[in-house]
Amino acid sequence: MHNSHILLVDDEQGLLTMLKTMLNKEGFQQIRTVTTGRDAIKLVKESLFHLIVLDVMLPDMDGFELCSEIRRHTTIPVIFLSAKSGDFDKVKGLTIGADDYITKPFSPMEVVARIQAHLRRERLSKEVKSFLDFEQFRINKEEGVIFVNNEEIACTAKEYELLVFLCENPNRIFTGKELYERVWGTYCESDEKTVVVHISRLRKKLEENPKEPKIIITFRGIGYKFIPPVKVN
């Protein structure tokens, strides 16, 4: 995990220096930092990164716009840092493809812990080699891809990890907190909105009618359950 290549994008040079120093102390040495969205896009196109930490408010472009552009090139974990703490901004960030959203001010160690959790789960998800095969969709865990009706679909790293976790634990109800802890690795009260957004995005990709889901079911006030579609031979 310490060989991971991490990109930090923020216009506050002091914050970049602090995060890089903290990550270096934890054993991460391959850290790149940029202060503009334009430079971030250039690096993403030229280099292989394993995780990106991205500020929402950049001098040359909106961070949400930048995240959408990044998603055209990679599905690696993206963590937003933002002074915008409202639910609307958090849901917007997660909807366009971010895997996590941390509001300022924050504890630097919390950011490092979340980075470590995302990288750890990304690595573990790629170590297991097998298929999960259902009627409407199939997951190739060796290659980390999802096929719906025999066509590969685009998904973020956390969408993939969440679906794999649900598929490997069928017919069990999990609270939003439990899902966040098992897939993201850390938790605070506002993080359940992250789960809601990711569940919604998965339904749009898997369900025939996302408004009346039959695969990922919501139990109001309790949590979610994955009901395996029966594969017809």
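Let's start with a salt bridge: the side chains of Asp 87 and Lys 193 meet at 3.6 Å, N to O. This pair ties together distant parts of the chain, with Asp 87 in helix H4 (residues 87–95) and Lys 193 in helix H8, 106 residues apart. Keep in mind that this is a predicted model. Asp 87 is partly exposed at 43% relative accessible area, and Lys 193 is partly exposed too, at 32%.

Stay on helix H8 (residues 192–206) and you'll come to Arg 201. Arg 201 has a relative accessible area of 8%, so it counts as buried. Its side chain makes a polar contact of 2.4 Å with that of Glu 159, and the residues Arg 201 touches also include Leu 94, Gly 97 and Thr 156.

The whole structure holds 14 salt bridges. One of them pairs Lys 141 with Glu 168 at 2.1 Å, N to O. Here Lys 141 sits in the loop between strands S7 (137–140) and S8 (145–148), while Glu 168 belongs to helix H6 (residues 157–168), 27 residues apart. Lys 141 is buried at 5%, whereas Glu 168 is partly exposed at 39%.

Now for helix H2 (residues 37–46), where Gly 37, Ala 40, Ile 41, Leu 43 and Val 44 are buried. They span an arc of only 165° around the axis, so they lie on the same side of H2. Their cover includes strands S1 (6–9), S2 (31–34) and S3 (51–55), along with helix H3 (63–70).

Definitions and conventions: Residues numbered from 1 in each chain as written. Predicted model: local features only at pLDDT ≥ 70, side-chain atom pairs only at ≥ 80, totals over all residues. Heavy atoms only, no water. Helix = DSSP H or I, 4+ residues; strand = E, 2+ residues; numbered from the N terminus. Buried < 20%, exposed > 50% of the residue type's maximum accessible area, 1.4 Å probe, protein only. Polar contact = N/O pair within 3.5 Å; in protein donor to acceptor, adjacent residues only side chain to side chain. Contact = heavy atoms within 4.5 Å. Arc of directions from axis to C-beta. Salt bridge = Lys/Arg side-chain N within 4 Å of Asp/Glu carboxyl O. Lists of a residue's contacts leave out its neighbours within four places in sequence.
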